[in-house]
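Here is a short briefing on a protein model and its ligand. Look at the helix packing, then at the ligand site.

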Amino acid sequence: MDFDLTPEQDQLRDAVRALGRRYGHSYFVAKAKAGAHTTELWEEAGRLGYLGVNIPTEYGGGGGGITELAIVCEELAAAGCPLLLLVVSPAIAATVINKHGTEEQRRRFLPGFADGSLKVVFAITEPEAGSNFHRLGTVARRDGDDWLLSGRKCYISGVDEAQYVLVVARVAVPDGPAGAAGPAGAAAQKLRPALFVVPTDAPGLTRSRLDMEIVSPENQFLLYLDDVRLPGDALVGESLDAGLPALFAGLNPERITVAAMGAGTGRYAIERASEYTATRKVWGGRTIGSHQGVAHPLAHAAVQVELARLMIHKAATLYDAGRDLEAGVSGNMAKYAAGEAAALAVDTAVQALGGAGMTTEYGVATLLGAVRAGRIAPVSREMILNFVAQHVLSQDKSY
Ligand SMILES: Cc1cc2nc3c(=O)[nH]c(=O)nc-3n(C[C@H](O)[C@H](O)[C@H](O)COP(=O)(O)OP(=O)(O)OC[C@H]3O[C@@H](n4cnc5c(N)ncnc54)[C@H](O)[C@@H]3O)c2cc1C
């Protein structure tokens, strides 16, 4: 069992931490409140190679794994810059294309992921389907060599910043033996998931921004796909057989990196609060941090964040070793633990700062919305508990 990072990973952590601190939470909040994006930070991180750490070297990336990308996510968040697009673009979209795209797709997209010039967001959630992806209603159908996509997606992050959106749709394929006919004489069909790389400016694709109670420079959108016409090679992979594996390929990287972002956010909040409580005095010469009623909740939150970090490290190590099934269990547990720990840490930090905790200046209440959302997205705490109950505790599925 090895709890140490490699020297290269340590250097990466130090370098990303330094970059994040040069920008800091006040930069992040100022961008959010101005309705702008953290473009300077993203571009600098891209130039320094931090956005492409998990992309193979032959496509211009760092040749590392999800461990390295999780370090980037955690350290930027620990500096007060939790960038959700790191989870969506390099973790989900780049992994899907790298693992299940065609060689042509890898050559076309991966160099842009590697230097950060390309942002690809991810659209699976739909208004009617919610957590139940078996109910997805977005469909893709053939029209000659082209595809036509129709449907609706919701809460899709970063569409206004991205060149492409990776859309999860369903395609009707014949079910059973060739020529099998259903009761009405029609050939039986089933719907299979398939992923499509859709330009965000494609005709027929429209969006409307959702008003969210989250202080973030990254926005969420409703997407409407109205017969969006795509060339045949917009389908990820050589054939429809790639659909389900491609969809699952993004899950572990998503869980692990979003957990890392949560752990970093938790560290950031506890650090802000500890600095404050170690110097603030309202009862004579004693600091408020000397009162256990203030210090213990912070210490408790620090323990929860550190436990989550351990599980993130385990999940990333398993994933990078190719042990996908075990990484699935650990990644879900890490996401759950980090989501809860981040929410606890930010809430505890706000309380420890008293009135200052609610000001923009002290930069902790600005994270309340984000950490609350982290218990819902990208997978809710309940769906993780369902997963653990079913796959670890062998309980019957209730839904
Ligand atoms: C800030 C933010 C960013 C997002 N970004 C993206 C994105 O980029 N791309 C994307 O595709 N989606 C995105 N989402 C959507 C997100 O993944 C969904 O909100 C999430 O998966 C939950 O789906 P839902 O909101 O439809 O909730 P619902 O499925 O309607 O669930 C509502 C509640 O019921 C619970 N519930 C549902 N089913 C069960 C069950 N069987 N057992 C127990 N409890 C259950 C849920 O846990 C939840 O608490 C984002 C959401 C947010 C808030």
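Helix 1 passes helix 3 in a right-handed crossing. A crossing is right-handed if the near helix is turned clockwise from the far one by less than a right angle, and left-handed if anticlockwise. The model is predicted: local features need pLDDT of at least 70, side-chain atom pairs count only at pLDDT 80 or more, and totals for chains, interfaces and linings use all residues. Residues are numbered from 1 along each chain as its sequence is written, and side-chain values use heavy atoms, with hydrogens and water left out.

**Helix packing**

- Two packed helices are described by the angle between their axes and the distance between the axes.
- Helices (H or I, at least four residues) and strands (E, at least two) are DSSP runs, numbered from the N terminus.
- Axes are lines fitted to C-alpha atoms, for helices over the stretch in contact, and angles run from 0 to 180 degrees between N-to-C directions.
- Helix 1 (residues 7-33) packs with helix 3 (residues 66-78) at about 30°, and their axes are 8 Å apart.
- Helix 1 and helix 3 are therefore roughly parallel. Angles under 35 degrees count as roughly parallel, over 145 as roughly antiparallel, 65 to 115 as roughly perpendicular and the rest as oblique.
- Helix 3 also packs with helix 7 (residues 251-277), at an angle of about 30° and with axes 7 Å apart.
- Helix 3 and helix 7 are therefore roughly parallel too, and helix 3 passes helix 7 in a right-handed crossing.
- Helix 7 packs with helix 8 (residues 292-320) at about 155°, with axes 9 Å apart. That makes the two roughly antiparallel.
- The crossing of helix 7 past helix 8 is left-handed.

**Around the ligand**

- The ligand is surrounded by 20 residues, each with a heavy atom within 4 Å of it.
- The closest are Thr-125, Ser-131, Tyr-155, Ser-380 and Glu-382.
- By class, the shell has twelve nonpolar, seven polar and one charged residues. Nonpolar means Ala, Val, Leu, Ile, Met, Phe, Trp, Tyr, Cys and Pro; charged means Asp, Glu, Lys and Arg; the others, Gly among them, are polar.

**Atom pairs and burial**

- A polar side-chain atom of Thr-125 lies 2.7 Å from a ligand nitrogen atom.
- A polar side-chain atom of Asn-386 lies 3.0 Å from a nitrogen atom of the ligand.
- Taken alone, the ligand exposes 970 Å², and the protein buries 69% of that. Accessible areas come from the Shrake-Rupley method with a 1.4 Å probe.

Technical notes
A polar contact is a pair of N or O atoms within 3.5 Å; within protein, one must be able to donate a hydrogen and the other to accept it, and residues adjacent in sequence count only if both atoms are side-chain atoms.
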